Amino acid sequence: MSLNRDLTVGKPGKVLLRFCLPLFASIIFQQLYNIADSFVAGKFIGNDALAAVGNSYEITLIFIAFAFGCNIGCSVIAAQLFGAKKFSDLKTLVYTVLISSGVLCAVLMACGFLFGGALLKLIRTPTELLADSKLYLDIYIAGLPFMFYYNVATGIFSAMGDSKTPFIFLACSSTANIGMDILFVHSFSMGVAGVAWATFICQGVSCILAVAFVLKRLHAIESEKPEKVPVFSWSLFGRFAAVAVPSILQQSFISVGNIIIQSVINNFGAAVMAGYSSAVKLNNMVTTSLTTLGNGISSFTAQNLGAAKPERIKAGFAAGLRLVFAICVPLVLLYFFAGRQLVYVFLESPTGTAADIGMRFLRIISPFYLIVAAKLVADGVLRGAGMMKKFMVTTFSDLTLRVVLAAVLSKTALGTTGIWLAWPIGWSIATALSLIFYGTADWKKYVKKNEKSIPVEAENDEAELEMQTE
């Protein structure tokens, strides 16, 4: 039985639930990579190691932004082609994305090795943490091809309605990563390098398996065109880039904003850095999970847009809201009332400055998860429909507010508490914008534009690019 799923048929709520739940489980296991690194660093090496890993993590988010953009660009266009039953073009798109992503990854690796140390100094990394931060970062950069191609593969699976296969790969590799972290650090005494190499190896295995399976899946799909499928198409590359580039810019600016915020936090010393590092890992588990569910809604929207079924897009939005709210409520309660116990998982002691900082951070931001959840669902619909300009406006509004407020409020009597307050303010305003853009969208217009999109073989694809970036 094929694991590919047509998201354009069936009751939208049930279809979306069955599709998104494996995505949600996948991102939980994905976050285990980072949580395992922080847990092992904090428990078996010390708070300085935890601070070093957390400090480097903010820079790795820049690379993750590029991989995420490739994932989204490939997923949205592939889902539109899959929904429209253009399987030959789907195969060409996949080959095109694999080639272009490889080139992009090589460029990023070169930049990372050359300028990683300068970036760490730029964010005011304390001298005692610099060597470990650089070591962790270098090994992470060496594994970028695994991260890139894994993200592309999961984007393709998602576009074809299969969220279970990548979940299986990720669950196995994440579980193995925990064991290898402990083995390398505790048994082999490799320190921060052991944490990084464990992640490198496990991500590599999951990437190779995911790419092999997705190519096998594509080969099994019969093309509707008798001629040989091209391995590269500039027209399809343009469609992919029109969605991927704004997504990369969006995530990159978020990463840059987080780096700026990290530099503000670094002024308060290693104890505050460790507390923030532990709490932000827990926060990222929630926001990344919600973002992944938004990605699932993007695939749902794109498939139904390709199939000219705008009424299902609206039903999918409502079902998506119900799903994310059901997930958020218990997490809000857990983080608010058990914040100290949760951050202690990463720290040497449940008391002290680091534990207090982590608990305060979670108590301030966790009640606002319900608000940011609504934003990410609306963003998923906007992205799936190719409304990238509106999508970026909401993101930049959130980011700008958080960065500016964090820098300003940290210099007041509020101190670090002022930094944490920047999150809910930015989220609230950006959510209002996202919901307004979704509510005022003319879905019939976007369906007509998608139907009128010119053939892939046409030389002039300006109209298509305009539709994708509108």
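The questions and answers that follow concern a predicted model and the reasons behind its labels.

Q: Why is K375 called buried?
A: The relative accessibility of K375 is 5%, and buried means under 20%. K375 therefore counts as buried. This residue lies in helix α13, which covers residues 369-384.

Q: How do you know that K375 touches residues beyond its sequence neighbours, and which are they?
A: A contact requires heavy atoms within 4.5 Å. With residues up to four places away in sequence not counted, K375 touches T394, T395, A430, T431 and S434.

Q: Why is L305 classed as buried?
A: L305 has 1% relative accessibility, and the cut-off for buried is under 20%. L305 therefore falls in the buried class. Its place in the fold is helix α9, residues 270-306.

Q: What makes up the lining of the largest pocket, by class?
A: The lining has 11 nonpolar residues, 2 polar residues and no charged residues. Asp, Glu, Lys and Arg are the residues that count as charged. The volume of this pocket is about 200 Å³. Of its 13 lining residues, S100, L104, F237, F240 and I248 are the closest to the centre.

Q: Which helix gives the largest share of that pocket's lining?
A: The largest share comes from α8, with 7 residues. At least two lining residues each are supplied by α2 (47-83), α3 (87-122) and α8 (234-266).

Q: How many cavities reach 30 Å³ or more?
A: The count is 3 cavities. The term cavity applies where a 1.4 Å probe fits but cannot get out. The second largest cavity holds about 60 Å³ of space.

Q: Which residues line the second largest cavity, and which elements supply them?
A: Its lining consists of I139, Y140, G143, L144, M147, A196, T199, F200 and Q203. Two or more of these residues come from each of α4 (127-142), α5 (144-159) and α7 (191-220). The greatest contribution is that of α7, with 4 residues.

How values were computed
Residues are numbered from 1 along each chain as its sequence is written. This is a predicted model: local features need pLDDT of at least 70, side-chain atom pairs count only at pLDDT 80 or more; totals for chains, interfaces and linings use all residues. Side-chain values use heavy atoms; hydrogens and water are left out. On a 1 Å grid over the protein atoms alone, a cavity is a set of points where a 1.4 Å probe fits but cannot get out, and a pocket is an open set with protein on both sides within 12 Å along at least five of seven lines; lining residues have an atom within 4 Å of a point. Grid points are joined across faces, edges and corners, and a volume is the space filled by probe spheres set on the points. Buried means under 20% relative accessible area, exposed over 50%, partly exposed in between (1.4 Å probe, protein chains only).
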